Structures are given as structure tokens and as C-alpha cells.
Amino acid sequence: MKSALLVFATVLLLLVSFESAHSVTIYTSGKPGVFDFYLFVQQWIYSYCGSQTCIKSKEREAFTIHGLWPENNDGSYPSFCSGSSFNYNSISDLSTQLNYDWPSLTGPNTDFWTHEWSKHGTCSITGPITDIHDYFAAGIKLYDNYNITQALNSENIYPSDSETYNANDMFNAINTAFHAKPAMQCISGQLSTVAVCVDKNTLEAMDCPALSGWSCKGGISWPASD
Ligand SMILES: *[C@@H]1O[C@H](CO)[C@@H](O)[C@H](O)[C@H]1NC(C)=O
């Protein structure tokens, strides 16, 4: 009787853990719309291109869009969700802005957009984003609304090959401008990437939670060339 109870309890426990493992799998394997917020990620071209080989003609003094990425508070994220595959014709009306604001710095733009759509865009179908056109249009709108260069400039922080800035001052300048705490990454002491966290329903900036892999401290530069 005792052992029968034990077997019963063990089976029950296995079932419960199987169920929770199963639901965790569903959660992270990529179901469109199942995530906490977006990371809207922009890179500073000169820092990015200082650490890899870029197409020279695409380099300029600017942040450009890397992507709009569904993200969870615990650092996990859905990717490669089911849904429609990349279709350039659906977004061709946005091509002028996409080529300028959301370029690949290392290869063909359409390859980059195909990757961003497949990996992140397919998981972003939720709230105001109903299709591929909405997804790329949202990226352009966020880029126009959350101008990092402008936010830094308004606190007298400008690209420079000689100045060093405190990462905190840059963080505070962006927080002041957007009323939302950003996340920053540095490469070799240079500000390389800024993420604005974005509410998945309103597409408005919100405070980023603490995110592992996103920190940038002390004296850093914001280079005016690569
Ligand atoms: C962002 O601000 C900078 C500095 O004012 C400006 O040169 C740039 O055109 C702006 N970008 C967008 C997308 O509005």
C-alpha cells in the first residue's frame, strides 16, 4: 500500500514537472505575441564598424536601426515564430526609409531584413502590429520618435574622437529625453548600441528592466569616425 502510494506520488510529480517543462518550452520556442516588451535596438555606426568590416559607402555619423526584438523580463525571448515569410513587395513602399534608417552595414539590406523578420518579426504579431508592413513601419516610427543623437545633444553630448563621457551622463540624457531608462552596450570603451524598451501594446518607450549583457560603465567615447 505504501509503495503503491509512492508510485502514485512519483507519477503525479513527473506529470506535473513534465507539464511545467512543456509550458516553458512553448513559451520560449516562439509563439507570436507571447513576450513581455520590445527592445528597440540602434547601433552607432562608427563603433559598430570599428569592430567589424563595413561597407564604406554605408558609413555615416548616425545611429541606425538594428531591430525591434520581442523580449522577456527574465532575458529569454521568442524567436523564429510561425507565420508568413519575408516578402519585400509588402514593404516596398517603405524602402527609401528602410534603406537609410535600417540598413545592413555589412551586406545586402534585404538579407538583413529577411533575418530580422524571420527571427524577431514573426514573433511580434500582437497588439498594433498585425503584419510585416506594420512591423517595419513600427521600426521607422520608433526611430523617428526616439532620436538618441538628439537626446544626447540636448545634454551637450556630441560625437567626438577626443572627448570621454561618463556612461551615466549618457544614460541620464536619454532617460530625460524619453522618460524611459534605456539599455546600453559598449565595445572597446565606445558606446556601440542603445536599446529603448517599448511597450508591446502602445509602442511607447518604457523603463528597461535590468538586462544581463547590457551594461556600459565609466568613461566611454562616442566616436566621430571609425
Ligand atoms: C536625429 O537628430 C539628429 C540631431 O538633431 C538629426 O541630425 C537627425 O536627422 C535626427 N534623425 C531623425 C531620424 O530624425
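The model is predicted.

The protein chain contains seven helices and seven strands. Read from the N terminus, the order of elements is α-β-α-β-α-α-α-α-β-α-β-β-β-β. The chain has 226 residues, and 45% of them count as buried. Contacts between residues at least 6 apart in sequence were also examined: 73% of these join residues at least 24 apart.

The UniProt record, an unreviewed entry, assigns the feature "active site" to His66, Glu116 and His120. These positions are spread over 55 residues of sequence, yet they cluster in space. Their largest C-alpha distance is 11.2 Å. Histidine 66 belongs to strand E2, which covers residues 63-71. Leaving out residues up to four places away in sequence, histidine 66 touches Val41, Gln42, Gln43, Trp102, Phe112 and Glu116.

Histidine 120 lies in the loop between helix H4 (109-119) and helix H5 (132-145). Its relative accessibility is 5%, so histidine 120 counts as buried. With neighbours within four places in sequence set aside, histidine 120 is in contact with Leu68, Trp69, Pro70, Tyr77, His115 and Tyr135.

H5 has 14 residues. From its first C-alpha to its last, H5 reaches 20 Å, close to the 20 Å expected at 1.5 Å a residue. Buried residues of H5 are Ile132, Tyr135, Phe136, Ala138, Gly139, Ile140, Leu142 and Tyr143. They pack against strand E1 (37-44), E2, helix H3 (95-101), H4 and strand E5 (190-198).

Aromatic rings form a further set of contacts. The count comes to twelve aromatic pairs. In the pair of tryptophan 44 and tyrosine 46, the ring centres are 6.3 Å apart and the planes meet at 85°, so the pair is edge-to-face. Both tryptophan 44 and tyrosine 46 are buried. Ring pairs also link Phe86, Trp102, Trp117, Tyr135 and Phe136 into a cluster.

Two charged side chains sit over rings. The charged end of arginine 60 lies over the ring of tyrosine 100, at 3.6 Å from the ring centre. The charged end of lysine 200 lies over the ring of phenylalanine 35, at 4.7 Å from the ring centre.

Serine 84 occupies the loop between E2 and H3. Its relative accessibility is 46%, so serine 84 counts as partly exposed. Not counting residues up to four places away in sequence, serine 84 touches Trp117 and Thr122. Serine 84 and glycine 121 are 37 residues apart along the chain. Their C-alpha atoms are separated by 9.8 Å.

Technical notes: Residues are numbered from 1 along each chain as its sequence is written. This is a predicted model: local features need pLDDT of at least 70, side-chain atom pairs count only at pLDDT 80 or more; totals for chains, interfaces and linings use all residues. Side-chain values use heavy atoms; hydrogens and water are left out. Helices (H or I, at least four residues) and strands (E, at least two) are DSSP runs, numbered from the N terminus. Buried means under 20% relative accessible area, exposed over 50%, partly exposed in between (1.4 Å probe, protein chains only). Contact means heavy atoms within 4.5 Å. Rings of Phe, Tyr and Trp (its six-membered ring) pair if their centres lie within 6.5 Å; planes under 30 degrees apart count as stacked, over 60 as edge-to-face and the rest as tilted. A charge sits over a ring if NZ of Lys or CZ of Arg is within 6 Å of the ring centre and within 35 degrees of the ring normal. UniProt positions are given in the numbering used here, feature names are shortened, and annotations may be inferred rather than shown by experiment. The expected span of a helix is 1.5 Å times one less than its number of residues.
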